[in-house]
Amino acid sequence: MNADDRDLLAGAHVATRLPAQDLERARRFYSEQLGLEPVDERPGGLLYRCEGVDFVVFRSTGASPGTFTQMAWEVDDIEAVVSELKRRGVVFEEADVPGFRTRGGIAEIDGNYPSKGARGERGAWFRDSEGNMLGIGELVV
């Protein structure tokens, strides 16, 4: 394998895929709770775009376990975003385990993303209508 082979996917566009057992329910959630509308659709799938990055919600008979973050948005003001999403009915996860605790749905995570010039991150998580775990993060510089 040469250097060009190792970089095969480095320049490729990445698109997340999120399963939905009920595509219309998912469409309503993404529209009403998150304020997002599909930029394209096909039978069985909805394509969304945020700042030039795509994600697809697709009809699936499988269900997401919702036990890990499947997709996240980086925002500049996590408190404002969480507050607005709560106002729209989004329910944020709360956790209180050794080394990880949320307050008002937001956790302080030391040491995340030093490659981005950050000393940490503030994060919040919620599930969509289909059980997919989604996150919101704000770098702490």
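In this predicted model, Asp96 is located in strand β6. Asp96 counts as exposed because its relative accessibility is 59%, above the 50% cut-off for that class. Its C-alpha atom is separated by 9.7 Å from that of Ala107, a residue 11 places away along the chain. Strand β6 (96-97) belongs to an open sheet of six strands, and the model also contains an open sheet of four strands.

**The six-stranded sheet**

- The strand order of this open sheet is β5-β10-β9-β8-β7-β6, and the pairing is mixed.
- The edges are taken by β5 and β6 (96-97); each has a single partner strand, so one side of each is left without a neighbour in the sheet.
- Helix α3 packs on this sheet and touches β8, β9 and β10. The direction of α3 makes about 10° with that of β9.
- Strands of a sheet pair through backbone hydrogen bonds, in either the parallel or the antiparallel sense.

**Strand β10 and its partners**

- Strand β10 is mostly covered, with seven of its eight residues buried.
- The pairing of β9 with β10 is antiparallel and extends over eight bridges.
- Within this pairing, Arg127 stands opposite Met133 of β10, and Glu121 has Leu139 of β10 as its bridge partner.
- The hairpin of β9 and β10 has five residues between the strands. In this hairpin, Gly131 takes a positive phi near 90°.
- The pairing of β5 with β10 is parallel and extends over four bridges. Here Met71 stands opposite Leu134 in β10.

- Arg119 is found in the loop between β8 (106-110) and β9.
- Which class of accessibility applies to Arg119, buried or exposed? Arg119 counts as exposed because its relative accessibility is 57%, where the class requires over 50%.
- Leaving aside neighbours within four places in sequence, Arg119 is in contact with Asp110, Gly111, Asn112, Val140 and Val141.
- One of these contacts, Val140, is 21 residues away along the chain from Arg119. The C-alpha atoms of Arg119 and Val140 are separated by 5.8 Å.

**The four-stranded sheet**

- This open sheet has the strand order β1-β4-β3-β2, with mixed pairing.
- Its edge strands are β1 and β2 (40-42), each of which pairs on one side only.
- Neighbouring strands of this sheet are turned by 20° against each other on average, with direction ignored.
- Strands β1 and β4 pair in the parallel sense over six bridges, and Leu18 stands opposite Val57 in β4.
- Helix α2 (residues 23-32) lies across β1, β2, β3 and β4. Relative to β4, helix α2 runs at about 145°.

**Glu51, in the loop between β3 and β4**

- Glu51 has its place in the loop that lies between β3 (45-50) and β4 (53-59).
- The phi angle of Glu51 is near 50°, a positive value in a residue other than glycine.
- Glu51 is exposed because its relative accessible area is 84%, and that class begins over 50%.

**The largest pocket**

- The largest pocket has a volume of about 650 Å³.
- The lining consists of 27 residues, of which Met71, Ala72, Trp73, Glu74 and Gly135 lie nearest the centre of the pocket.
- The elements that give two or more residues to this lining are β1 (15-20), β4, β5 (71-74), α3 (78-87), β9 (120-127) and β10 (133-140).
- Which strand gives the most to the lining of the largest pocket? Strand β9 does, with five residues.
- By residue class, the lining divides into 18 nonpolar, five polar and four charged residues.

Note on methods:
Residues are numbered from 1 along each chain as its sequence is written. This is a predicted model: local features need pLDDT of at least 70, side-chain atom pairs count only at pLDDT 80 or more; totals for chains, interfaces and linings use all residues. Side-chain values use heavy atoms; hydrogens and water are left out. Buried means under 20% relative accessible area, exposed over 50%, partly exposed in between (1.4 Å probe, protein chains only). On a 1 Å grid over the protein atoms alone, a cavity is a set of points where a 1.4 Å probe fits but cannot get out, and a pocket is an open set with protein on both sides within 12 Å along at least five of seven lines; lining residues have an atom within 4 Å of a point. Grid points are joined across faces, edges and corners, and a volume is the space filled by probe spheres set on the points. Ala, Val, Leu, Ile, Met, Phe, Trp, Tyr, Cys and Pro count as nonpolar, Asp, Glu, Lys and Arg as charged, and the others, Gly among them, as polar. Two strands pair if DSSP finds at least two bridges between them. Axes are lines fitted to C-alpha atoms, for helices over the stretch in contact, and angles run from 0 to 180 degrees between N-to-C directions. Contact means heavy atoms within 4.5 Å.
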